[in-house]
Amino acid sequence: PEALETGEDLGIKIIPGVEFYVNDEDGQEQHLLGYLIDWQSMVLKDFFDNWHKSKLVQIEAMIAKLQNMGLRIALEEIRPQAKGSINRSHIAYAIFDDPGNAAILKERFGVETVSDFFGKFL
């Protein structure tokens, strides 16, 4: 609603849309874009609410695995960085916010960058 209102105030037509990350048949991540959606649809709202809940369960499981590896990370530390849904990138950057994690990753796994961490663990 805020985007539509701002667009109207500025004389810019806002096109409601949605973006998903999906895996193709080869397992490669792709972006699926949908435009001109009915952003007020209760069916769509219910779908996104359920999707968000399942995504949070996945994120919590990833965090638990990382904690079991001896890395210091907590969902509460990641939430402020995310402006909406928490994703794997938020986890990767949060891991490197703690210098102790960087040392563990380098010594035990040979991982020194966020990109390396993302590729190996997420």
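Two strands pair if DSSP finds at least two bridges between them. Strands here are DSSP runs of E with at least two residues, helices are runs of H or I with at least four, and both are numbered from the N terminus. The model is predicted, so local features need pLDDT of at least 70, side-chain atom pairs count only at pLDDT 80 or more, and totals for chains, interfaces and linings use all residues. Residues are numbered from 1 along each chain as its sequence is written, and side-chain values use heavy atoms, without hydrogens and water.

Start with the strands. β1 (residues 17-23) pairs with β2 (residues 29-35) in the antiparallel sense, over seven bridges. Val18 stands opposite Gly34 in β2. Glu19 faces Leu33 of β2. The two strands form a hairpin with five residues between them. In the turn, Gly27 has a positive phi of about 80 degrees.

Seven residues of the pocket lining come from β1, the largest share. α2 (42-68) and α4 each supply at least two. The lining has 20 residues, and Phe20, Tyr21, Trp51, Lys55 and Asn87 lie nearest the centre. Nine lining residues are nonpolar, seven polar and four charged. The volume is about 650 Å³.

Now follow α4. Helix α4 (residues 88-97) packs against helix α5 (residues 99-109) at an angle of about 100 degrees, with the axes 5 Å apart. That makes α4 roughly perpendicular to α5 (65 to 115 degrees). Ile95, Phe96 and Asp97 of α4 meet Pro99, Asn101, Ala102 and Leu105 of α5 in this contact, where contact means heavy atoms within 4.5 Å. Five of these residues are nonpolar, one is polar and one is charged.

Definitions and conventions:
Axes are lines fitted to C-alpha atoms, for helices over the stretch in contact, and angles run from 0 to 180 degrees between N-to-C directions. Angles under 35 degrees count as roughly parallel, over 145 as roughly antiparallel, 65 to 115 as roughly perpendicular and the rest as oblique. Ala, Val, Leu, Ile, Met, Phe, Trp, Tyr, Cys and Pro count as nonpolar, Asp, Glu, Lys and Arg as charged, and the others, Gly among them, as polar. On a 1 Å grid over the protein atoms alone, a cavity is a set of points where a 1.4 Å probe fits but cannot get out, and a pocket is an open set with protein on both sides within 12 Å along at least five of seven lines; lining residues have an atom within 4 Å of a point. Grid points are joined across faces, edges and corners, and a volume is the space filled by probe spheres set on the points.
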